[in-house]
Amino acid sequence: MTTTGTNLPLPQQRAFGKTNRTDRWWLKPLLIFLGFGAFVVYSTWAAFQGTNYFYGVGGADYLSPFYSPLLFGVAEAHPLISVVPEGGRPPWWPGWMPFSTAFFILWAPGGFRFTCYYYRGAYYKSFWLDPVNCSVGEPRKGYRGEQKLPLILQNIHRYFLYVALIFIIILLWDAMKAFWFTDPEGIGHFGIGLGSIIMLCNAVFLGCYTCGCHSLRHLIGGRKDCGTCSGPSGKAYSCVSGLNSKHMMWAWISLFWVGFTDFYIRMCAAGIWSDPRFF
Amino acid sequence: MSKATFRISRGSGGDLTPEDYEIEIGEGMVVLDAVHQIQSEGASDLAVRWNCKAGKCGSCSAEVNGMPRLMCMTRLEDLDLSQPVTIEPMHAFPHVRDLVTDVSSNYRAKKSIKPFKPRKPDNADGTWNMKQEDVERVQEFRKCIECFLCQDVCHVLRDHHKHEEFIGPRNFVYSAALEMHPLDTEDRVGDLKKDQGIGYCNITKCCTVVCPENIKITDNAIIPLKERVVDEFYDPFTKLFRMFKPKK
């Protein structure tokens, strides 16, 4: 039996799920499991579709955030690298592998969220049950934490942050384009559709989540012991700390909204509903 | 006056048996009041550690209805008294008797942290100049009352018994208070990674949940320390940047 340097033994590990807690301790991990699970299932399905990611009816320019920046795709969506038929694939892509241009995109925000400090704590509880909740017995006896492989790789988080910050700029650009409609004569003009507002909210929410990142908080000023010695970074640190204190809230709002944005554009593109124009 | 039942773990050396005590309770009572009443009414040999009854000494830590809490700060009106209220000793430490545990491992772990090492004084009279906002960050950590509830709830200690490899949330708070102090010049980052096992923390935030002083242990102490470990050991670009940074 393990001891702590005294002659007295430590209490034995409790069985999985054993606790004297009287509250509904299982509810939060269950809701997180369902929330994450639903998003992973939907985003995987949406990524594999490879179609209906762009809505251009009435001169609109709505691109799903799951496919932005668009590398390969339909001509009207202005792909960055080459134009292939919708649902088609670049010639170098292995024929036996399913293709979607979203595959080139989703690894970055997916990696950022997977290694995010908030999400780590949440999915260790809800998916790994390690522990399922505070002071509740665990299913496994062995434990390596993030001290050893494979979870030591979570330390890569700040690299995903750098990529995620670039994505925020791209999504803001997409949101600006969503307020710019092209009339039949090919002349662009300012306009507001429901999709424009949804895409703008998406970029703002994702920005609030990304800019509240613990790694950014550290890099922008937290690594210094003297905040006032570092000039503007002291104020930036305060701003990021403000967002960081609501990191969980922004994580969930942005997660839901990015999925909803894709869903909205997908439904518009599929003709299920049309985008109302306010201006 | 109404009655309530308290199911208290009794025994010594880890051999515990729950025993029920029914007492009359009054308005404003806390769990520690109930334990004292049980002591005075029939269980005079019930062992419990307590001192200030004001949530400042950190002595009366226990597990009330399965959650680590200070007994003196847990009001009966916040508990469901239709069921017996369970009171147990902390599970992360060796059991001594009834509600008393041996928390000395926390003090031994604390000794492994390098002490405060201030820079040379700024002034001829041996004093330093600091701005309030620079010390505010570490002020939060100084609120810790060493109740060890965070150590108790941490599954790395509680369930996995990594007492020799992992110093636990309370000691990370102490380390953060020193490491982030604007006057301190000591480097504790290597110790945090190698000997003090900060990598074992998987950020479940249970320590923050139970802290009676509302210290944001995970967000403000552990994660910033983890990021300093990343700077030192897992980020080649930061290392490269430091190599070319002009020395002061």
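Biologist: How many Å separate the centres of domain 1 and domain 2 of chain B?

Modeller: 31 Å, taken over C-alpha atoms. Keep in mind that this is a predicted model.

Biologist: Where does each domain run in chain B?

Modeller: Domain 1 covers 2-101. Domain 2 covers 104-244.

Biologist: And how many residues of each are in contact with the other?

Modeller: 14 residues of domain 1 of chain B are in contact with 14 residues of domain 2 of chain B. On the domain 1 side, strand 4 of chain B gives the most, with 4 residues.

Biologist: What classes of residue are on that domain 1 side?

Modeller: There are 8 nonpolar, 4 polar and 2 charged residues on the side of domain 1 of chain B that touches domain 2.

Biologist: New topic. Which residues touch the most other members in the largest nonpolar core?

Modeller: A:Y62, B:M71, B:I87, B:C150 and B:V173. The core has 112 residues. Helix 8 of chain A, residues 247-269, supplies the largest share, 8 residues.

Biologist: Why does this core lie between the two domains of chain B?

Modeller: Because domain 1 and domain 2 of chain B both give residues to it.

Biologist: Pick B:C150. What is it in contact with, leaving aside neighbours within four places in sequence?

Modeller: B:C150 is in contact with B:P169, B:R170, B:C207, B:V210, B:C211 and B:I217.

Biologist: Now the strands. Do strand 1 and strand 2 of chain B pair in the parallel or antiparallel sense?

Modeller: Antiparallel, over 11 bridges. Strand 1 spans residues 2-12 and strand 2 spans residues 15-25. B:S12 has B:D15 as its bridge partner.

Biologist: What about the hairpin they make, how many residues are between the strands?

Modeller: 2 residues. B:G13 takes a positive phi there, near 60 degrees.

Biologist: And how do strand 1 and strand 5 of chain B run, parallel or antiparallel?

Modeller: Parallel, with 3 bridges joining strand 1 to strand 5, residues 85-88. B:R7 stands opposite B:T86 in strand 5 of chain B.

Biologist: Last one, the contact between the chains. How many residues does it take from each?

Modeller: 53 residues from chain B and 41 residues from chain A.

Biologist: Which helix of chain B gives the most to the side that touches chain A?

Modeller: Helix 9 of chain B, with 8 residues. Other elements supply at least two residues each, including strand 5, helix 2 and helix 3 of chain B.

Biologist: How do the residues on that side of chain B divide by class?

Modeller: Into 18 nonpolar, 19 polar and 16 charged.

Definitions and conventions: Residues numbered from 1 in each chain as written. Chains lettered and ligands numbered in written order. Predicted model: local features only at pLDDT ≥ 70, side-chain atom pairs only at ≥ 80, totals over all residues. Core = buried A, V, L, I, M, F, W, Y, C linked by C-beta atoms within 7 Å. Buried ≥ 20, exposed ≤ 12 C-beta atoms within 10 Å, placed from the backbone. Domains from an automatic or database assignment. Contact = placed C-beta atoms within 7 Å. Pairing = 2+ DSSP bridges. Nonpolar A, V, L, I, M, F, W, Y, C, P; charged D, E, K, R; others polar.
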